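Good morning. I have one structure to go through today, and I will keep it short.

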Amino acid sequence: MLPVFLSGCTHENPDWPDPDEGLVPKFVIERTEIEVPADSCRLEFSYIIENPVEGAVVEAFSDDDWIADADASVEGKISVGLTANDSQDVREGTVQVTYSALEEGFSIKIRQMGANTSTGRPDSV
């Protein structure tokens with residue numbers, strides 16, 4: 001019988017930083033929750049990536065039909081459009097954000113006031 005030797009690798013892409021060297025990318029966003037009025041609007045969230053990986057991309061999407069046009073094509077910015085909330089009920093939704101160099105993504109929680117509970121304009125982010 002011949003011996004079998006197995007080898008493994010610690011990360012999938014050899015061009016990406018080695019976690020053992022302390023160069024793991026980190027996604028930093030100022031805000032992960034926001035409350036907005038019932039009016040339709042476009043929100044923009046700024047972020048930075050510490051120890052970015054060349055070729056890695058940021059993507060944003062939402063499964064909520066009132067959160068549309070999630071866009072992460074501009075470096076350092078994520079934007080989404082919200083439709084007006086004609087209901088009197090407050091509604092909550094999420095924008096999912098991923099960075100291809102990281103296994104885990106995160107979400108931005110959006111709480112939109114109902115038609116009769118709206119106050120002011122959306123917070124600037």
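Predicted model: local features only at pLDDT ≥ 70, side-chain atom pairs only at ≥ 80, totals over all residues.

Start with the layout. The protein chain has eight strands and zero helices, so to speak of a pattern along the sequence is to read β-β-β-β-β-β-β-β. Of the contacts with a separation of 6 or more, 67% are between residues 24 or more positions apart. Buried residues account for 30% of the 125 residues. The chain exposes about 8500 Å², and carbon and sulfur atoms supply 46% of that area.

In soluble globular proteins, nonpolar side chains tend to be buried together. Here the largest nonpolar core has 24 residues, and Leu43, Ile78, Leu82 and Ile110 are those with the most contacts inside it. Which strands supply at least two residues each? They are β1 (26–29), β2 (33–36), β3 (41–50), β4 (58–61), β6 (77–82), β7 (91–99) and β8 (106–112). The largest share, four residues, comes from β3.

Take Ile78 as an example. Leaving aside neighbours within four places in sequence, Ile78 is in contact with Phe27, Leu43, Glu44, Phe45, Tyr47, Val58, Ala60, Asp71, Ala72 and Val97.

Now the charged side chains. By the rule used here, there are four salt bridges. One of them joins Glu44 and Lys77, at 3.6 Å from N to O. Glu44 is in strand β3 and Lys77 in strand β6, 33 residues apart.

Glu92 takes part in two salt bridges, one with Lys109 and one with Arg111. The Glu92 to Lys109 pair is at 3.6 Å, N to O, and links strand β7 to strand β8 across 17 residues. For Arg111 and Glu92, the closest N and O atoms are 3.0 Å apart. Arg111 lies in strand β8 and Glu92 in strand β7, so this pair ties together parts that are 19 residues apart in sequence.

On accessibility, Glu92 is partly exposed at 41%, Lys109 at 32% and Arg111 at 31%. Together with Glu35, these residues form a network: Glu35, Glu92, Lys109 and Arg111 are linked by salt bridges.

That is the end of the walk-through.

Notes. Residues numbered from 1 in each chain as written. Heavy atoms only, no water. Core = buried A, V, L, I, M, F, W, Y, C linked by side-chain atoms within 4.5 Å. Buried < 20%, exposed > 50% of the residue type's maximum accessible area, 1.4 Å probe, protein only. Contact = heavy atoms within 4.5 Å. Areas by Shrake-Rupley, 256 points an atom, 1.4 Å probe, with all protein chains shown as cover.
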